[in-house]
Number of protein chains: 2
Amino acid sequence: MNLISRVEYFCNVNFSSKLIEQAVEEFSQLPGIGKKTAFRFVLHLLKQDKQKLANFSDTILRLKDEIKYCKVCCNVTEHELCEVCSNPSRDKSTICVVEDIRDVIAIENTGYFKGMYHVLGGIISPMDGIGPNDLYISQLVDRMADGEVNEVIMALSTTMEGDTTNFYIYKKIKDFPVKVSTIARGIAIGGELEYADDVTLGRSIVNRVPYENSLIK
Amino acid sequence: MNLISRVEYFCNVNFSSKLIEQAVEEFSQLPGIGKKTAFRFVLHLLKQDKQKLANFSDTILRLKDEIKYCKVCCNVTEHELCEVCSNPSRDKSTICVVEDIRDVIAIENTGYFKGMYHVLGGIISPMDGIGPNDLYISQLVDRMADGEVNEVIMALSTTMEGDTTNFYIYKKIKDFPVKVSTIARGIAIGGELEYADDVTLGRSIVNRVPYENSLIK
């Protein structure tokens, strides 16, 4: 049996139980998980005791009920405001715009940013059917209105979708008295020049920085 | 931040919500899933509608209640007997001993075996704390008692644990009038000799088969 037929087989396999088939189906909806891995998960769960499965099941059910979105920055939270927005020591004049909460966690972890966030909940991607109205862009525009914000830092992926979203948001907020910047694109720290692509290397020369700014503090 | 610290960071990260942390914890119990992938799953689930999460949660909860083990071969089933054991056209004189139901599905899929199965539910592995009493070995021995079985085919992995289990079961059933065989070990169909390991190649010469048996029918 070659690889293709093995894969097809796992797509059409008779799992000898409708429920197992359904469980495999549900798990294979998770990102990056195929039928074979899903089946492995189900077999693993079958070996667990009942209480553990009940907890797992309950946690999933509660996710949708208890997780709310921060009414200021749209980050996930269990309260009205997220931890960043409710922290009085954060700099309210700078907003960093990110795609999802994974990026908030990644930036928080660097320890270099003390401002606020705005979580878009995705990026504009016509291929995936995601338009500007599916994202929390109007909420970002509303935050410009009170005049407290000086700078908006766009921290989206350096992809076509990221650039489109940057441009769309830039057009929406350019009439407010705020500076709009993007995170620096260039050679990664520890990266070797010979492996960098032409576009990145070219832009890293155009957008060169004074030597003293390049030092890692 | 190097790779190690990224990994550590995901182990100690503040997810800004106890519930998300708990959900990540639950998903990362699944085999082969780390915190980072688990977090991706949770973010994916947060984007689903409530009904979908309720179905997912319900399926997991039902797994333990509704999935039973076949009282003859210990395969999973929703009834008293599994599909193989309840099929009157199967050859009851041959039992193929396998580790878990994935192996049943794999062997069924070849279409070469028309006998019965016996699912051990694991293999003897002292390192993982799995001893003979944790497996359905006594149920296999009980099946020898009625004299209907002529041959037991051991179809376990070719590992130290598989060989230990083979030996343990062989000792338990050698006094019954049954033939005990193991599946053939040798060069895989389509495999090249120069990439085969010494032990496999050596055994494939010792256990050579008549030319007419080597033809794929």
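Which residues of helix α6 (residues 137-144) of chain B are buried? They are B:Ile137, B:Leu140 and B:Arg143, where buried means that 20 or more other C-beta atoms, placed from the backbone, lie within 10 Å of the residue's own. The model is predicted: local features need pLDDT of at least 70, side-chain atom pairs count only at pLDDT 80 or more, and totals for chains, interfaces and linings use all residues. Residues are numbered from 1 along each chain as its sequence is written, while chains are lettered from A and ligands numbered from 1 in the order in which they are written.

**Helix α6 of chain B**
- The buried residues of α6(B) fall within an arc of 115° seen down its axis, so they line one face of the helix; the arc is that of the directions from the helix axis to the C-beta atoms.
- On the other side of α6(B), B:Ser138 and B:Asp142 are exposed (12 or fewer such C-beta atoms).
- The cover over the buried residues of α6(B) includes β3 (91-98), β4 (115-119) and α7 (160-173) of chain B; helices (H or I, at least four residues) and strands (E, at least two) are DSSP runs, numbered from the N terminus.

**Interface of chains A and B**
- In chain A, 42 residues are in contact with 43 residues of chain B (C-beta atoms, placed from the backbone, within 7 Å).
- Helix α4(A) gives the largest share of chain A's side, 13 residues.

**Symmetry**
- Chain A superposes on chain B by a rotation of 179° with 0.0 Å of shift along its axis (RMSD 0.1 Å), fitted by least squares on the C-alpha atoms of residues with pLDDT of at least 70 in both.
- The two copies are thus related as by a two-fold rotation axis.
- In chain A, the C-alpha of A:Ser57 is nearest the axis, 2.2 Å from it.

Methods: Contact = placed C-beta atoms within 7 Å.
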